[in-house]
Amino acid sequence: MSKTKKNGKKGLLAVVVALVVAFAIFVSGLVVVFLYNAVLKPSTFNYVVPASGDGTGYYRHNYFELNESEQKLYSVIIQSLYTQPERIEVPELSDGDLTKVFKAISHDNPDLFNLGLNCSIYTEGLKTYFETEYIIPYDDYTTKLQEVNDIASVIIDDASIYTSNYEKEKYIHDYIINHCSYAEPEESLMANTVYGCLVEGKASCEGYSRAFQYLMNRLNIENRLVTGESADDGVNYVNHMWNYVVLDGNGYFVDLTWDDPKAEGNVLRHTYFNVNTNDILVKHRNIAQNLPLCTSTQYNYFVYENVYFDIGSGEAFESKVYNGVYTALQRQYSCVEFRFTDKAVMEQAKNTLFNTGIIYNVYNETGFVSDTGSAKVYYSTDDTMNTICLFF
């Protein structure tokens with residue numbers, strides 16, 4: 001073989017080797033770039049303060065109670081959570097508590113009823129990810145959310161005929177109690193959610209409270225969830241959830257679950273409608289939220305409806321009883337409720353109503369009964385709240 005041919009083969013081989021080396025370097029570069037973008041490249045996040053307040057559909061009080069690092073995590077998570085992703089890339093939680101952030105998200109957003117109870121944060125390379133469990137598939141969630149929105153829209157339209165926030169709030173309170181029955185969480189997967197309350201008509205205290213929160217949000221009435229403990233007997237306390245609303249700048253507590261007692265045939269009550277701190281603490285305790293002291297009684301049900309008594313006898317007393325009974329009958333309530341300043345006044349009122357026959361005269365004058373001789377009166381009392389409830 002000639003020397004020229006040998007040199008030609010060596011040159012071709014060198015070119016091939018050079019191309020292979022170049023390709024390898026190119027591929028290696030792509031791998032490095034990919035790994036850098038996937039693992040090493042610092043991520044940038046869009047920190048958006050979640051919408052909150054009138055007209056937004058949310059009152060995200062819990063978000064504003066987080067520290068800066070926790071707020072950043074909340075902000076990034078909430079931007080993606082409604083699409084139910086398997087994981088969300090998030091900023092590192094350098095100073096804060098993941099459980100606190102997750103609870104804030106849950107308590108601020110009643111429409112996120114697809115969330116489970118557990119979540120976690122973990123790292124891969126230099127990136128941080130958030131994961132949570134979901135109790136229903138995404139398609140099921142979107143279908144159920146639409147059902148909630150459809151029912152809520154009808155309720156909101158009906159409530160909007162009232163001009164005052166008090167009347168709108170009372171309409172929502174009464175609607176929920178009249179259309180929902182109490183259910184333990186183990187009885188239904190949705191018992192703790194707005195869906196369980198508004199669509200299935202079965203809910204726990206959490207479901208009642210979240211449905212009330214959701215509808216108050218839609219009505220632009222400031223509110224938030226309240227968690228703590230309660231005991232009907234004042235001794236055996238259990239975990240409980242209820243609500244807090246703001247009317248004309250003053251806060252009030254509302255406990256729909258306790259106004260829909262399982263006893264007495266689930267008769268609609270208003271004992272815990274817009275009560276102050278002293279009232280709620282009679283049978284509730286360990287409130288987790290840092291709330292201002294509630295002292296106003298302006299929009300308390302008994303005060304506003306003029307069925308709050310500081311007297312237990314006389315013409316003025318009988319006139320207020322008549323007006324209370326008449327109004328309750330006109331509203332087609334199943335009972336009329338009276339509250340008294342203290343136990344002594346309540347005992348005097350019981351004697352006036354039942355031993356002197358005043359209540360029979362009132363029933364006759366309002367048209368509830370025509371024959372007072374055969375009329376019967378059914379009632380219950382609450383010695384801790386100083387209330388009398390007369391059942392129709």
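Analyst: A charge sits over a ring if NZ of Lys or CZ of Arg is within 6 Å of the ring centre and within 35 degrees of the ring normal. In this predicted model, local features need pLDDT of at least 70, side-chain atom pairs count only at pLDDT 80 or more, and totals for chains, interfaces and linings use all residues. Residues are numbered from 1 along each chain as its sequence is written, and side-chain values use heavy atoms, with hydrogens and water left out.

User: Which residue lies over the face of Tyr 129?

Analyst: Arg 87 does, at 3.7 Å from the ring centre. Tyr 47 has the charged end of Lys 72 over its ring, 5.1 Å from the centre.

User: How is a pair of aromatic rings described?

Analyst: By the distance of the centres and the angle of the planes. Rings of Phe, Tyr and Trp (its six-membered ring) pair if their centres lie within 6.5 Å; planes under 30 degrees apart count as stacked, over 60 as edge-to-face and the rest as tilted. The whole structure has 25 aromatic pairs. One of them joins Phe 113 and Tyr 141, edge-to-face, with 5.2 Å from centre to centre and 70 degrees between the planes.

User: Where in the chain are Phe 113 and Tyr 141?

Analyst: Helices (H or I, at least four residues) and strands (E, at least two) are DSSP runs, numbered from the N terminus. Phe 113 is in the loop between helix H4 (98-108) and strand S2 (115-124), while Tyr 141 is in helix H5 (residues 138-159), 28 residues apart.

User: Is Asn 386 buried or exposed?

Analyst: Buried means under 20% relative accessible area, exposed over 50%, and partly exposed in between (1.4 Å probe, protein chains only). Asn 386 has 12% relative accessibility, so it counts as buried. Its phi is positive, about 55 degrees, although Asn 386 is not a glycine. Gln 332 also has a positive phi, near 65 degrees, but Gln 332 is exposed, with a relative accessible area of 72%.

User: At what angle do H5 and helix H6 pack?

Analyst: Axes are lines fitted to C-alpha atoms, for helices over the stretch in contact, and angles run from 0 to 180 degrees between N-to-C directions. H5 and H6 (residues 165-179) pack at about 135 degrees, their axes 9 Å apart. Angles under 35 degrees count as roughly parallel, over 145 as roughly antiparallel, 65 to 115 as roughly perpendicular and the rest as oblique. H5 and H6 are therefore oblique to each other.
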